[in-house]
Amino acid sequence: MRWRVQHQADDVQVALRALSALLACGAAPGEVLWSGGAGGEAQADLLEALAPAPTIAPPEEAPPLHALRRLPAGFISLAEAVLMHADPQRFQRLHAYALDVAAEPQRWQDALDPRRLALEGLAREVRREIHKMHAFVRFRPLQDAVDDNAADSVQYVAWFEPEHHIVRAAVPLFERRFASMRWAILTPRLCAHWNGSDGLRFSPGVDRSKAPPPDAGEALWLDYYRSIFNPARLKVSAMLREMPRRYWPNLPEASTITGLIQSAPERSARMQQAVAAPLRRMPTAQPATPSRSPQSAAERLADLGRRARHCSDCTLAAHATQMVWGQGPVGAPLMIVGEQPDDQEDLAGRPFVGPAGQLLREALAELGWPVERLYLTNAVKHFRFEPRGKRRIHKTPGQREALACQQWLEAEVRLVAPQALLALGATAAASLLGRPVSVQDSLGQWWPRADGLPVWVVHHPAAVLRHAESGAPTYGDWVQALRPAMQPPLHLKEPAG
Ligand code: URA
């Protein structure tokens, strides 16, 4: 053995420079002993790390990668991926192939060269694992930081066990995606830490016991996972290919998979039944007539809500936690229609429970309107949002989503049979009136629908919460704007029974 390369197994750049220096020295693969240390901050100085050779001095004046750059374009990116592989023979194989290509550059064109094929295979496995790390890292908040109750100081920690040396190559995605969070990804060989202001730092690997235990947020994640699991699309072999069992120990949702697979045939049969009896769109021009028996209307309303759960007429259902149906009694004098469930409604499955909903409930109480005797619903039944880090930012539903949901809203109007409708914001007003509506231009008067039902339009409570920037009324003015919605004299009947 004439050469010894002391490199960092988790730092491909050191190994690349070593390979380049070995090519420049004319070293043969059999003359080199590669010994990789653990990862971490320290980086071996490559050229000094080539142990003294009796006759050939390392070309210290040669710039790093000088010899590798003489090889065909594309070699370095293949080498970078191969050097991340856990195969202990990767250095010798790469070194031998580099020598072949240096001697006969046309070999690089031979895509069937067995040495090349073997190296491409290693590179593919590495790229696949980087992709898996991006998909399967799950952050958990550190408990003591959570108890601090200072959202900014919460640190999120994830545990991941890669087979290959991919941490440095995989973390840039997390840097971009979670730029405003403090996080760490712990692995057995190398840990990455991100702290916004201080940037990225690496430290030696740790034991699994350093990773935080499951947290309360995980229950929400599991609910979400259950709700997006589509039994009708289940293909177990494809699922195992995408989500190999070796990643399961670190995936909270893995604990639900077996149960979901077992119940899939029954759930998918139920879905097929629901699809076999599709809901006919209600013509908007049809007059709203109270159902003959409130009991049967209530049952039909509940049944409709169950069917709406499986609606996939727009893409929102695929991302939301669940469909949020209206709430309130059949025969309520006033139906209050919002835009769409927000983050908290999406998690709770009930309308108007988040901050905007609380404001509405406060106003109703102030006006003396018992909320339990009114019917509260939304024009769009699924939460539309944009993921930003761990947060889901509300996005106004588009015309397509509002149109797709109109059938459900109109069915609610028919079955609840209110005497008047209150639209909160432009989306609700447009859905109820069947045309684009400017809230500002529609305030202060009743607007008749084709079926004769009167619609009262006010600003959405979320706009009132942001009134300083949105130009919406103050809370006091908004409550006054709501008041006429219970006249023409609407009667708040005592609930039946
Ligand atoms: N905003 C709405 O429009 N509806 C809800 O249910 C909650 C917030």
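How do the residues of the lining of the largest cavity divide into nonpolar, polar and charged? The legends below concern a predicted model, and the first of them takes up this question.

**View 1. Lining of the largest cavity in the predicted model.** The residues of this lining divide into ten nonpolar, two polar and two charged. In total, 14 residues line the cavity, and Cys311, Cys314, His382, Cys405 and Trp408 are those that lie nearest its centre. Helix α14, spanning residues 399-416, gives the most to the lining, with three residues. The space inside the largest cavity amounts to about 100 Å³.

**View 2. The largest nonpolar core and the surroundings of Phe139.** This core has 62 residues, and those with the most contacts inside it are Trp34, Leu68, Phe75, Phe139, Trp183 and Ile185. Helix α1 (residues 12-25) supplies the largest share of the core, eight residues. With residues up to four places away in sequence not counted, Phe139 touches Tyr156, Val157, Ala158, Phe174, Phe178, Trp183, Ala184, Ile185 and Lys390. Two of these partners, Trp183 and Ile185, are also named among the residues with the most contacts inside the core.

**View 3. A second, separate nonpolar core.** This core comprises 30 residues, including Ala308, Met335, Val337 and Cys405. Cys405 is also one of the residues that lie nearest the centre of the largest cavity.

**View 4. The hairpin formed by strands β10 and β11.** Strand β10 (residues 385-388) pairs with strand β11 (residues 391-394) in the antiparallel sense, over four bridges. Within this pairing, Glu386 stands opposite Ile393 in β11. Two residues separate the strands of the hairpin, and Gly389 in the turn has a positive phi of about 60°.

**View 5. Val32 in strand β2.** Strand β2 covers residues 32-37 and contains Val32. Val32 counts as buried because its relative accessible area is 3%, and the limit for this class is under 20%. Although Val32 and His95 are 63 residues apart in sequence, their C-alpha atoms are 9.7 Å apart in space.

Terms used
Residues numbered from 1 in each chain as written. Predicted model: local features only at pLDDT ≥ 70, side-chain atom pairs only at ≥ 80, totals over all residues. Heavy atoms only, no water. Core = buried A, V, L, I, M, F, W, Y, C linked by side-chain atoms within 4.5 Å. Buried < 20%, exposed > 50% of the residue type's maximum accessible area, 1.4 Å probe, protein only. Contact = heavy atoms within 4.5 Å. Pairing = 2+ DSSP bridges. 1 Å grid on protein atoms, 1.4 Å probe; cavity = no way out; pocket = protein on both sides within 12 Å on 5 of 7 lines; lining within 4 Å. Points joined across faces, edges and corners; volume = space filled by probe spheres on them. Nonpolar A, V, L, I, M, F, W, Y, C, P; charged D, E, K, R; others polar.
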